[in-house]
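Student: I am new to this structure and would like a close look at a single part of it. Please take me through that part step by step.

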Amino acid sequence: MASNTGGIKPMTIAGRMVRERERLLGMSPEERAWRAQWLKDQQLAHNEPRYVPEYWKERLNPIRRVYRAPLDMVQKGLTPVLGLEWAHAIRFWTGKVALGAFAILATTYYFKYNQNDWTRKGGWRVIHSRKAVFPGDPGYPKFDKRTEPAEYAARAACGGFYSVEKISVKNCGWQPEERSHQPRKQIVRCSGAPTGRFRQQES
């Protein structure tokens, strides 16, 4: 594994005097001079920190430089007014808020318009739990009225899953079509359904 120090053990140039407890034990004149010089070295010049374009060019690949360019321009315009620290903070949080808002809107749009239902094979299926019904509530006890095996864990041709109540022809948009060879039943088709998607309903 490559070493950042060329194989030499790193050490702090501040020495042991960087700790306050060590300084309280007593300092020699040489240590005081070392400490004073170290504190002076921490003061930046009036033109520091300096922006080195080659440094950022080496750190960021071309793709990152392209999608960072708009917010870099915003930061560059705000720096003379607000200072580098505030301009960088605004640039950072603007990007994060924009990405978060886009993720929320994209997720909302997907679940609103691209759920898995009877009209498509793809998409995520969203299953809702049955609403709790307590004594005294309308429709209590509201048991399931499923009689056919196919009604369990299956989806109807209109409106998603089988409902615990009888499907309303008016609300669901069914259009009954009489068949002469089945006088006691109706063949109903959901409006807009693909050809061949029918369901029998007792007349």
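Is Phe111 buried, partly exposed or exposed, and what is its relative accessibility? Please go on from there to the rest of the part around it.

Tutor: This is a predicted model, and Phe111 counts as partly exposed in it because its relative accessibility is 26%, while buried would need under 20% and exposed over 50%.

The part to look at is the span that holds this residue. In the unreviewed UniProt entry, the annotation "transmembrane region" covers residues 90-111. In the model, that span is 100% helix and 0% strand, and its end C-alpha atoms lie 32 Å apart.

The helix here is α5, residues 84-113. With 30 residues at 1.5 Å a residue, α5 should span 44 Å, and its end C-alpha atoms are 43 Å apart, which agrees.

Next come the aromatic rings. The whole structure has 6 aromatic pairs. One of them joins Phe92 and Trp93: the ring centres are 5.1 Å apart and the planes stand at 85 degrees, so this pair is edge-to-face. Phe92 is partly exposed, because its relative accessibility is 35%. Trp93 has a relative accessible area of 55% and is therefore exposed. The rings of Tyr110 and Phe111 also form a pair, with centres 5.6 Å apart and planes at 85 degrees, so that pair is edge-to-face. Tyr110 has a relative accessible area of 30%, so Tyr110 is partly exposed. Together with Trp124, Tyr110 and Phe111 make up one aromatic cluster.

Other residues of the helix are covered. Ala87, Arg91 and Gly95 are buried in α5, and the buried residues of this helix pack against α4, residues 62-82. Take Arg91 as an example. Arg91 has a relative accessible area of 10%, so Arg91 is buried. Apart from neighbours within four places in sequence, Arg91 is in contact with Arg68, Leu71, Asp72 and Gln75.

A last point concerns confidence. The average pLDDT of the protein is 76, and 72% of the residues score at least 70. Over residues 156-203, pLDDT stays under 50. For that stretch, the model has 85 contacts beyond four places in sequence.

Conventions:
Residues numbered from 1 in each chain as written. Predicted model: local features only at pLDDT ≥ 70, side-chain atom pairs only at ≥ 80, totals over all residues. Heavy atoms only, no water. UniProt positions renumbered as here; feature names shortened; annotations may be inferred. Helix = DSSP H or I, 4+ residues; strand = E, 2+ residues; numbered from the N terminus. Phe/Tyr/Trp six-rings, centres within 6.5 Å; stacked < 30°, edge-to-face > 60°. Buried < 20%, exposed > 50% of the residue type's maximum accessible area, 1.4 Å probe, protein only. pLDDT = per-residue confidence, 0-100. Contact = heavy atoms within 4.5 Å. Expected span 1.5 Å × (residues − 1).
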